[in-house]
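Trainee: I have a model open and would like to go through it with you. Could we begin with a buried position and work outwards from there?

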Amino acid sequence: MANPREWDALLATSAKARPGNHVTDLLGCPRRKALLREGAPVDLTRLERRLEGSILHWALAMVDPGTAEVAVAGVLFDVPVVGSVDRLREGHVRDYKNPDGKHKPDGAWPDQAWQLETYRVLLAQMGIDTRGWTLHVRWRGEW
């Protein structure tokens with residue numbers, strides 16, 4: 001059965017290149033963003049997990065929205081970088097992940113730790129001190 005049009009539209013929107021250098025752009029393949037800008041075709045079926053994650057983040061942001069999706073901006077290695085912290089509460093950076101069911105995480109992966117530490121660096125550049133970070137992982141229906 002084919003996807004509903006609305007779902008395919010959401011998938012297509014999530015595949016579009018974003019302006020600027022985002023923290024999460026620095027985690028994956030460095031060519032991916034250039035390919036998106038050049039109009040390379042995207043396999044929308046591979047974006048389902050990312051879209052589900054975006055929906056989860058949107059729903060979590062509805063609870064205490066003043067601490068959710070906090071915009072960050074600064075410079076890393078002479079390059080302007082922007083991002084969005086899932087939640088910043090009481091000086092603590094929090095990130096929510098919903099990985100696929102293939103491998104159960106037993107802690108933060110190196111790219112996740114780098115992402116969270118990068119948010120802390122950018123927040124410090126903005127004059128906001130933090131005390132640490134927490135990674136919340138949803139694995140097979142449980143946090």
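**A conversation about the fold**

Mentor: Let us begin with leucine 122, which counts as buried because its relative accessibility is 0%. Please keep in mind that this is a predicted model.

Trainee: Where is leucine 122 placed?

Mentor: Leucine 122 belongs to helix H4, which covers residues 110-125.

Trainee: And which residues does leucine 122 touch, not counting those up to four places away in sequence?

Mentor: Leucine 122 touches Val23, Val72, Ala73, Gly74, Val75, Leu76 and Val81. As for spacing, leucine 122 and alanine 71 are 51 residues apart in sequence, and their C-alpha atoms are 9.8 Å apart in space.

Trainee: Val72 is in that list. Is valine 72 buried or exposed?

Mentor: Valine 72 counts as buried, because its relative accessibility is 3%. It is found in strand S1, residues 68-76.

Trainee: What is valine 72 in contact with, leaving aside its neighbours within four places in sequence?

Mentor: The contacts of valine 72 are Val81, Val82, Gly83, Ser84, Val85, Tyr119, Leu122, Leu123 and Met126.

Trainee: Let us step back to the whole chain. How many helices and strands does the chain have?

Mentor: There are 4 helices and 4 strands in the chain. Read from the N terminus on, the elements run α-α-α-β-β-β-α-β. The radius of gyration of the chain is 16 Å, close to the 15 Å that the globule rule gives for 143 residues, so the chain is as compact as a globular protein of that length.

Trainee: What box do the C-alpha atoms fill?

Mentor: Taken along the principal axes, the C-alpha atoms of the chain fill a box of roughly 50 × 40 × 30 Å.

Trainee: How about burial and surface for the chain as a whole?

Mentor: Of the 143 residues, 30% count as buried. The accessible surface of the chain comes to about 9500 Å², and 58% of that surface belongs to carbon and sulfur atoms.

Trainee: And what share of the contacts between residues at least 6 apart in sequence joins residues at least 24 apart?

Mentor: That share is 63%.

Trainee: Now the helices. At what angle do H1 and H3 pack?

Mentor: Helix H1, residues 5-15, and helix H3, residues 48-61, pack at an angle of about 95 degrees, and their axes are 10 Å apart. That angle makes H1 roughly perpendicular to H3, since the range for this description is 65 to 115 degrees.

Trainee: Which residues meet there?

Mentor: From H1 there are Trp7, Leu10, Leu11, Ser14 and Ala15, and they meet Glu48, Arg50, Leu51, Glu52 and Ile55 of H3. By class, this contact of H1 with H3 has 6 nonpolar, 1 polar and 3 charged residues.

Trainee: What about leucine 44? Where is it found?

Mentor: Leucine 44 is in the loop between helix H2 (30-37) and H3. It is partly exposed, with a relative accessible area of 26%. Leaving aside its neighbours within four places in sequence, leucine 44 is in contact with Asp8, Leu11, Ala12 and Ala15. The C-alpha atoms of leucine 44 and alanine 15 are separated by 7.5 Å, and the two are 29 residues apart along the chain.

Trainee: I also wanted to check the backbone. Which phi does glutamate 90 have?

Mentor: Glutamate 90 has a positive phi of about 50 degrees although it is not a glycine. Its place is the loop between strand S2 (79-89) and strand S3 (92-97). Glutamate 90 counts as exposed because its relative accessibility is 65%.

Trainee: And what is the phi of arginine 140?

Mentor: Arginine 140 has a positive phi of about 50 degrees and is not a glycine. It is found in the segment after strand S4 (132-137), and at 64% relative accessibility it counts as exposed.

Methods: Residues are numbered from 1 along each chain as its sequence is written. This is a predicted model: local features need pLDDT of at least 70, side-chain atom pairs count only at pLDDT 80 or more; totals for chains, interfaces and linings use all residues. Side-chain values use heavy atoms; hydrogens and water are left out. Axes are lines fitted to C-alpha atoms, for helices over the stretch in contact, and angles run from 0 to 180 degrees between N-to-C directions. Helices (H or I, at least four residues) and strands (E, at least two) are DSSP runs, numbered from the N terminus. Angles under 35 degrees count as roughly parallel, over 145 as roughly antiparallel, 65 to 115 as roughly perpendicular and the rest as oblique. Contact means heavy atoms within 4.5 Å. Ala, Val, Leu, Ile, Met, Phe, Trp, Tyr, Cys and Pro count as nonpolar, Asp, Glu, Lys and Arg as charged, and the others, Gly among them, as polar. Buried means under 20% relative accessible area, exposed over 50%, partly exposed in between (1.4 Å probe, protein chains only). The radius of gyration is taken over C-alpha atoms; the globule rule is 2.2 Å times the number of residues to the power 0.38. Accessible areas come from the Shrake-Rupley method with a 1.4 Å probe; for residues, only the protein chains shown count as cover.
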